[in-house]
Amino acid sequence: EMWLFGTIHVGDSRTAYLPQKIYDAFDAADALAVEFNSEAFYDKMETDEKLQKLASEAYYYSDGSTAEDHIEDAEVYEYALKLMKATGNYNINTPYMKPSLWSNTIENTYLRLGYRLSGDFGMDNLLMDRAREQEKEILDVESGLEQLQMLGGYSDALQEYILASTLSGTAAAYQEGVLELFEMWCEGDEQALIAYLNEEDEEPDTSTMTEEELEQYNKELALMEEYNEAMSSSRNVEMVDVAIGYLESDKVVFYAVGLAHLLAEDGLVNALRDAGYTVELVTFP
């Protein structure tokens with residue numbers, strides 16, 4: 001037996017008060033599994049020089065090059081630089097930080113500028129707090145280093161594309177998008193969430209495109225395939241293997257990872273069913 005719980009990494013006071021059945025299942029479990037134990041990871045970072053080096057290589061260019069050297073569009077670089085400075089995120093190391101980390105930093109700042117949601121109320125943090133109070137074992141499904149290496153390991157073209165996409169929106173629009181997903185998470189409508197998470201943009205009619213437009217479309221399509229493979233597909237495969245390992249152990253694990261990893265077409269729910277396990281949805285009135 002194992003409990004699957006789809007988390008969301010931000011929240012408000014509602015995430016602090018879940019249905020009692022969830023707490024009952026959590027309290028009875030032998031261990032909590034999360035994507036990675038952030039507190040333990042950053043504590044280890046303070047003293048582990050090897051980990052510091054590997055994390056630094058994931059975050060920063062170590063060959064003397066800067067983000068500017070890896071961004072083809074000068075306007076994207078200049079605007080991102082201005083935004084990093086305007087939001088108080090610029091320091092002596094920023095030029096050497098990889099563009100995808102610039103984007104991540106800007107989005108985190110956008111979230112903090114809002115007043116509705118906070119990472120402090122994210123389900124991962126709240127569940128880990130409860131586990132520590134109960135002295136319950138916390139298991140890492142992945143590792144903090146793996147996540148950093150994933151973010152910093154995208155191709156230059158994808159990192160620039162992600163940064164440009166972040167810059168094309170506003171803080172208010174970003175907050176609105178996160179809030180929309182959070183409200184859906186609170187509602188708990190499985191089919192609506194599956195439709196949202198698996199939603200794909202309607203494919204355009206490429207027959208009407210110019211040669212230049214078609215080339216740009218195919219380029220963006222390839223970048224999104226690279227992104228989805230790194231961010232979702234390959235991680236989901238590993239998460240399923242980890243989940244099966246828990247099921248074959250003598251521990252009852254409360255397995256809490258991002259909701260998309262559960263409900264995506266290649267996510268945990270479908271993959272575990274395909275592997276022969278029974279996965280049942282627990283609903284609440």
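These notebook entries record what I looked up in the predicted model above.

**Entry 1. Ground rules.** I worked with a predicted model, in which local features need pLDDT of at least 70, side-chain atom pairs count only at pLDDT 80 or more, and totals for chains, interfaces and linings use all residues. Residues are numbered from 1 along each chain as its sequence is written, and side-chain values use heavy atoms, with hydrogens and water left out.

**Entry 2. Nonpolar cores.** Buried means under 20% relative accessible area, exposed over 50%, and partly exposed in between, with a 1.4 Å probe and protein chains only. This core has 46 residues, and Phe 5, Leu 32, Phe 254 and Tyr 255 touch the most other members. I then listed the contacts (heavy atoms within 4.5 Å) of Tyr 255. Leaving aside neighbours within four places in sequence, Tyr 255 is in contact with Met 2, Trp 3, Leu 4, Phe 5, Ala 33, Val 141, Met 239, Val 242, Ala 243, Tyr 246 and Leu 268. I also noted a second, separate core of 22 residues, which includes Val 76, Ala 80, Leu 151 and Leu 167.

**Entry 3. Helices H5 and H6.** Helices (H or I, at least four residues) and strands (E, at least two) are DSSP runs, numbered from the N terminus. Axes are lines fitted to C-alpha atoms, for helices over the stretch in contact, and angles run from 0 to 180 degrees between N-to-C directions. H5 covers residues 74–86 and H6 residues 99–113; the two pack at about 45°, with axes 11 Å apart. I therefore recorded H5 and H6 as oblique to each other; angles under 35 degrees count as roughly parallel, over 145 as roughly antiparallel, 65 to 115 as roughly perpendicular and the rest as oblique. H5 passes H6 in a left-handed crossing, a term used if the near helix is turned anticlockwise from the far one by less than a right angle, with right-handed for clockwise. From H5, Tyr 77, Ala 80, Leu 81, Leu 83 and Met 84 meet Trp 102, Thr 105, Ile 106 and Tyr 110 of H6. The residues of this contact are eight nonpolar, one polar and no charged; Ala, Val, Leu, Ile, Met, Phe, Trp, Tyr, Cys and Pro count as nonpolar, Asp, Glu, Lys and Arg as charged, and the others, Gly among them, as polar.

**Entry 4. Helices H6 and H9.** I next found H6 and H9 packed at about 25°, with axes 8 Å apart. That angle makes H6 roughly parallel to H9. Their crossing is left-handed. Pro 99, Ser 100, Trp 102, Ser 103, Ile 106, Glu 107 and Tyr 110 in H6 meet Gln 159, Ile 162, Leu 163, Thr 166 and Leu 167 in H9. By class, I noted seven nonpolar, four polar and one charged residues in this contact.

**Entry 5. Leu 158.** Leu 158 is found in H9, which spans residues 156–167. At 0% relative accessibility, Leu 158 counts as buried. Beyond four places in sequence, Leu 158 is in contact with Leu 223, Glu 226 and Tyr 227. I also checked Phe 254: Leu 158 and Phe 254 are 96 residues apart in sequence, and their C-alpha atoms are 34 Å apart.

**Entry 6. Helices H2 and H3.** The axes of H2 (residues 38–45) and H3 (residues 49–59) come within 8 Å and cross at roughly 110°. That makes H2 roughly perpendicular to H3. Phe 41, Lys 44 and Met 45 in H2 meet Leu 51, Gln 52 and Ala 55 in H3.

**Entry 7. Two loop residues.** Glu 135 lies in the loop between H7 (123–133) and S3 (137–140). At 75% relative accessibility, Glu 135 counts as exposed. I noted a positive phi of about 55° at Glu 135, although this residue is not a glycine. Most residues other than glycine have a negative phi. Ser 143 is placed in the loop between S3 and H8 (144–152), and at 25% relative accessibility Ser 143 counts as partly exposed.

Notes:
A nonpolar core is a set of buried Ala, Val, Leu, Ile, Met, Phe, Trp, Tyr and Cys residues joined through side-chain atoms within 4.5 Å.
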